Amino acid sequence: MKVGDRHYRSLWAEPDRGRVHVIDQTRLPHEFEVKTLTTVEEAVEAIRAMRVRGAPLIGVAAAHGVALAVDRDASNASLDRAVAALRATRPTAVNLGWALDRMQDKLANVKPLKRAQAAWAEAQAIADEDVELNEAIGRHGLALIEREHAARRRRIEILTHCNAGWIATVDWGTALAPIYMAHDKGIPVHVWVDETRPRNQGLLTAWELRQHGVPHTLVTDNAGGHLMQHGKVDMVFVGADRVTRRGDVCNKIGTYLKALAARDNDVPFYAAVPTPTIDWKIEDAHRDIPIEERAAGEVRAVRGLDAHGMPVEVAIVGDETAVSNPGFDVTPAKLVTGLITEKGIVRANERDLLEIWPRSQESKAYVT
Ligand SMILES: CSC[C@@H](O)[C@@H](O)C(=O)COP(=O)(O)O
């Protein structure tokens, strides 16, 4: 998508130079900076530090991390080391393990001499597929917005949580893809953007929407319920980090509260979900999805710019106060109106999910 007048993907590779470029999301929205990764260690650091973030992009970045590793050392030991280090970066988004399994499966039977080339090609394929999936999600979600617009004949108000836009993927985004398409088609849309403490991914969403000219308003995380009670939200669109075969949606902390408020106010709640985000092995979301517990420091401080426009971090609470920082929560399937997938809109339940992914019935481990 666009940054100023230029089209960017959030990650792109130069295999012949052994380099991967990413937009450093820790610098946004204040500075647009491209960071170049040349080693698997740098890829590990980029994912862990959330320079790259968002479930789909984490998977794509990990695949490229594997390519960086085997480019330097194509041995089995190097491949295994790289996969293990990347797998340990972040626990919740299933796309990470999905991409690493796919890289490992692909490379296991390739002779070391040919491995680097195969790794770059597979990582690129994963990136290109991500763009295709998101574009398809965009088209299906667009139909929902069009229907809403035909019924209401006024600007459509959509609330989103966290950032499920193009920088959380390779391009388009998941939850934001339908919004970009609606805007491009001339359908009037306005987005309520949840700030998403403590990492403020909502600022990334606001930045993206601004670059594309989509009208939006930033709100604090607690504002959504109030907006819904006052009829100011027509639909909620969120992304997902892991969706179970029963249709439970694990996404950024706070998503569940938005779903509860949406249900109480008859506002349809949709999660945008590409295939790699579905974890067919998980039966009980609360028991089995590993929820990332992030550093206390993220809660104890706020980050921004000082009076001179320089980045600054300000402490808001000291060590004397205990803090907890769970990164994700689970929205039960019963609160989800539908899942916007690349195959179409599907109800959030096992039977309907298996209807469009029939092969997943055979095995609890889904293989593309
Ligand atoms: C298209 S991305 C969907 C999700 O990955 C997104 O909503 C989210 O929760 C991201 O979490 P983050 O901790 O910023 O990686």
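Asp266 is exposed, with 7 other C-beta atoms within 10 Å; on the scale used here, 12 or fewer such atoms count as exposed, 20 or more as buried, and anything in between as partly exposed, with C-beta atoms placed from the backbone. Asp266 also has a positive phi of about 55° even though it is not a glycine. You'll find Asp266 in the loop between helix 9 (255-264) and strand 12 (269-272); helices (H or I, at least four residues) and strands (E, at least two) are DSSP runs, numbered from the N terminus.

Keep in mind that this is a predicted model: local features need pLDDT of at least 70, side-chain atom pairs count only at pLDDT 80 or more, and totals for chains, interfaces and linings use all residues. Residue numbers start from 1 along each chain as its sequence is written.

- Asn200 is another non-glycine residue with a positive phi of about 55°.
- The peptide bond from Arg197 to Pro198 is cis, with omega near 5°.
- A cis peptide bond also runs from Leu28 to Pro29, with omega near 0°.
- Pro29 belongs to the loop between strand 4 (19-23) and strand 5 (34-37).

- The chain splits into domain 1 (2-129) and domain 2 (135-361), with bounds that come from an automatic or database domain assignment.
- Taken over C-alpha atoms, the centres of domain 1 and domain 2 are 24 Å apart.
- Across the boundary, 26 residues of domain 1 are in contact with 33 residues of domain 2; a contact here is two C-beta atoms, placed from the backbone, within 7 Å.
- On the domain 1 side, strand 1 (2-3), helix 2 (55-72) and helix 4 (94-108) are the elements that give two or more residues.
- Helix 2 gives the most to that side, with 5 residues.
- By class, the domain 1 side divides into 15 nonpolar, 7 polar and 4 charged residues. For the bookkeeping, Ala, Val, Leu, Ile, Met, Phe, Trp, Tyr, Cys and Pro are nonpolar, Asp, Glu, Lys and Arg are charged, and the others, Gly among them, are polar.

**The nonpolar core**

- The largest nonpolar core holds 106 residues, and Ala61, Ala62, Val66, Val236 and Ala271 touch the most other members. A core in this sense is a set of buried Ala, Val, Leu, Ile, Met, Phe, Trp, Tyr and Cys residues joined through C-beta atoms within 7 Å.
- Helix 2 gives the most to this core, with 12 residues.
- Both domain 1 (2-129) and domain 2 (135-361) give residues to this core, so it lies between them.
- Ala61 is in helix 2 and counts as buried, with 30 C-beta neighbours inside 10 Å.
- Setting aside residues up to four places away in sequence, Ala61 touches Leu11, Val22, Ala43, Ala46, Ile47 and Val52.
- Ala61 and Ile126 are 65 residues apart in sequence and 9.7 Å apart in space, C-alpha to C-alpha.
- Beyond its neighbours within four places in sequence, Val66 is in contact with Ala82, Val83, Leu86, Leu100, Met103, Ala119 and Ala123.

**Around the ligand**

- 18 residues surround the ligand, and the closest are Arg53, Ala55, Ala168, Gly239 and Lys252; a residue makes the list if its C-beta atom, placed from the backbone, lies within 6 Å.
- Helix 2 and strand 11 (249-252) each supply at least two residues of this shell.
- The shell is made up of 7 nonpolar, 8 polar and 3 charged residues.
- Domain 1 (2-129) and domain 2 (135-361) both give residues to the shell, so it lies between them.

**The annotated site**

- UniProt places the feature "active site" at Asp241, in an unreviewed entry; positions follow the numbering used here, feature names are shortened, and annotations may be inferred rather than shown by experiment.
- Asp241 is found in the loop between strand 9 (235-238) and strand 10 (242-244).
- Asp241 is buried, with 31 other C-beta atoms within 10 Å.
- Not counting residues up to four places away in sequence, Asp241 touches Ala55, Thr92, Ala93, Cys250, Asn251, Thr277 and Phe328.
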